[in-house]
Amino acid sequence: MYFEYFVEGGDFTNAGYASSQIKKHLKELGVDPSVIKRSVIALYEAEVNIVAHAYRGKIKIFINKNGVKMLLEDEGPGIADVGLAMKKGFSTASEAVREMGFGAGMGLPNINENSDSFNIDTVVGKGTTLEIIINF
Amino acid sequence: MNVKELAEKANLNLFSGAAGLDRQVTGGYSSDLLSDVMGYASEGQVWITLQKHRNIMAVASLKDLAAIILVKGFEPEPDVLELSEKEGIPVLGTQKQAFEISGEIFNLIK
Ligand SMILES: Nc1ncnc2c1ncn2[C@@H]1O[C@H](COP(=O)(O)OP(=O)(O)O)[C@@H](O)[C@H]1O
Ligand SMILES: [Mg+2]
């Protein structure tokens with residue numbers, strides 16, 4: 001199964017749409033609730049990061065009998081220091097974004113904790129691709 | 001205890017989402033950081049916060065939370081009311097600050 005979603009940078013009104021759709025699909029497939037929970041956490045954080053930090057992005061979700069693979073490809077500033085970005089509490093989010101309760105620097109660590117495989121491929125000035133795999 | 005009973009006992013006012021008043025409350029989570037709630041709140045908990053924009057409904061729905069409780073007299077933005085009705089997740093309010101209402105609810109449901 002394959003699903004695709006588009007995300008606009010700065011558009012917080014639709015943040016979480018892809019996550020809610022994927023939650024629904026996984027439920028319909030009868031996937032284990034704890035796997036659904038982990039998938040939703042990881043995808044939501046990745047989705048919000050495109051909104052908060054990039055210009056636009058495409059989300060590609062592959063579901064097969066073994067698990068779910070999520071690719072989030074964005075055009076954006078990229079991440080200069082991935083090691084630093086992965087640290088709990090590190091955030092470059094704007095003051096406005098922080099006031100909304102985003103920008104706690106917990107997104108990437110949350111993705112890492114909830115996935116079975118997590119890779120960040122990023123080029124400064126071009127964009128970032130996340131590959132998140134969660135096994136059933 | 002369900003949301004309705006909790007609302008009565010803790011003297012919370014209902015903004016929206018009456019259809020979800022029978023949701024069972026398994027606990028609570030107090031935080032104003034969405035990633036914190038996303039990562040660490042559990043299904044069936046009430047979320048105590050001062051955030052009042054539409055993204056709180058997305059988080060509450062994704063996490064299957066029982067209800068959202070806005071503190072210090074904060075009122076939800078119009079989008080929140082609409083989404084709360086649609087999702088059947090109640091949004092409630094109190095004049096109390098987070099520490100006080102958290103303590104009260106902790107004692108009510110422990
Ligand atoms: N898609 C992205 N494009 C550019 N930078 C990103 C992206 N995702 C994360 N980052 C960088 O990594 C930091 C940490 O991300 P995260 O842990 O999700 O925390 P937060 O989003 O709360 O800032 C961000 O503040 C940002 O600097
Ligand atoms: Mg983030």
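Over all chains, the count comes to ten salt bridges, a salt bridge being a side-chain nitrogen of Lys or Arg within 4 Å of a carboxyl oxygen of Asp or Glu. This is a predicted model, in which local features need pLDDT of at least 70 and side-chain atom pairs count only at pLDDT 80 or more, while totals for chains, interfaces and linings use all residues. Side-chain values use heavy atoms, with hydrogens and water left out; residues are numbered from 1 along each chain as its sequence is written, and chains are lettered from A and ligands numbered from 1 in the order in which they are written.

Two salt bridges are counted between chain B and chain A. Side chains of opposite charge can pair when their charged atoms come close. In one bridge, Asp64(B) meets Lys23(A) at 2.9 Å, N to O. Asp64(B) lies in the loop between helix 3 and strand 4 (67-70) of chain B and Lys23(A) in helix 1 (residues 17-28) of chain A, so the pair joins two chains. Helices (H or I, at least four residues) and strands (E, at least two) are DSSP runs, numbered from the N terminus. Lys37(A) and Glu43(B) also form a salt bridge through their side chains, again at 2.9 Å, N to O.

Turning to the interface as a whole, 19 residues of chain B are in contact with 23 residues of chain A, where contact means heavy atoms within 4.5 Å. Together the two chains bury about 1600 Å², 55% of it on carbon and sulfur atoms; buried area is the accessible area (1.4 Å probe) that two parts lose on being put together, summed over both.

Ligand 1 is surrounded by 18 residues, each having a heavy atom within 4 Å of the ligand. The closest are His53(A), Asp74(A), Ser91(A), Thr92(A) and Gly105(A). A polar side-chain atom of Asp74(A) lies 2.8 Å from a nitrogen atom of ligand 1, and one of Thr92(A) lies 2.5 Å from an oxygen atom of the ligand. Taken alone, ligand 1 exposes 530 Å², and the protein buries 93% of that, with accessible areas taken from the Shrake-Rupley method with a 1.4 Å probe; for residues, only the protein chains shown count as cover.

Definitions and conventions
A polar contact is a pair of N or O atoms within 3.5 Å; within protein, one must be able to donate a hydrogen and the other to accept it, and residues adjacent in sequence count only if both atoms are side-chain atoms.
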